[in-house]
Amino acid sequence: MISVDELIDLAKSARHWAHAPYSNFSVGAALLSSDGRVFTGCNVENSTYGLSMCAERVAIFKAISEGATEIAKVVVVTDHENIAPPCGCCRQMIWEFASDKTEVVLANLSGDVRTYRIIELLPEAFDERYLEGVS
Ligand code: THU
């Protein structure tokens, strides 16, 4: 099984591909799916701003579009002294494919690492349970 340190290295490498000329804030992600595969992502910005996509969601879309169904771990690397947390949209997207064991690992280039369960980052999440019985 791939280690967290290896996933951090993969997220750091993915971060180099970030297209972030507007924010100058490059983000890299490495997602381990529960079937043991790794998918990476970086943020991809656009001149219209609103179309920009976060690194986490790029990795999630790659994983789901290639048959993965569950996130075991998702590692996010930024270059910020306080370790930048995932945005709300990414938290909701992680929740969609998370289990009780899913870990969200946040790291920066200084070597700081913090690990969370998605429930800590997104308490009281909306999910498919609220759609049951709706016609
Ligand atoms: N960004 C991510 O890639 N992930 C996050 O969770 C937070 C923000 C990106 C989006 C944008 O390209 C840049 O960081 C600044 O917001």
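In what order do the five strands of the open sheet stand? The order is β2-β1-β3-β4-β5, and the pairing is mixed; two strands pair if DSSP finds at least two bridges between them. Strands (E, at least two residues) and helices (H or I, at least four) are DSSP runs, numbered from the N terminus.

A word on the background: this is a predicted model, in which local features need pLDDT of at least 70, side-chain atom pairs count only at pLDDT 80 or more, and totals for chains, interfaces and linings use all residues. Residues are numbered from 1 along each chain as its sequence is written, and side-chain values use heavy atoms, with hydrogens and water left out.

β1 and β2 run antiparallel and are joined by five bridges; G28 stands opposite C42 in β2.

| Strand | Residues |
|---|---|
| β1 | 28–33 |
| β3 | 71–78 |
| β4 | 103–108 |

**Two helices together**

Helix α2 (residues 55–64) packs with helix α3 (residues 88–96) at about 25°, their axes 9 Å apart. That makes α2 roughly parallel to α3, a term for angles under 35 degrees. Here E56, R57, I60 and F61 of α2 meet C89, C90, M93 and I94 of α3, where contact means heavy atoms within 4.5 Å. By class, six residues are nonpolar, none polar and two charged.

**A pair of rings**

There are two aromatic pairs in the structure (ring centres within 6.5 Å). The rings of Y22 and Y49 have centres 5.6 Å apart and planes at 45°, so this pair is tilted, meaning neither stacked (under 30 degrees) nor edge-to-face (over 60). Y22 lies in the loop between α1 and β1 and Y49 in the loop between β2 and α2, so the pair ties together parts 27 residues apart in sequence.

Definitions and conventions
Axes fitted to C-alpha atoms, helices over the stretch in contact; angles between N-to-C directions. Parallel < 35°, antiparallel > 145°, perpendicular 65-115°, else oblique. Nonpolar A, V, L, I, M, F, W, Y, C, P; charged D, E, K, R; others polar. Phe/Tyr/Trp six-rings, centres within 6.5 Å; stacked < 30°, edge-to-face > 60°.
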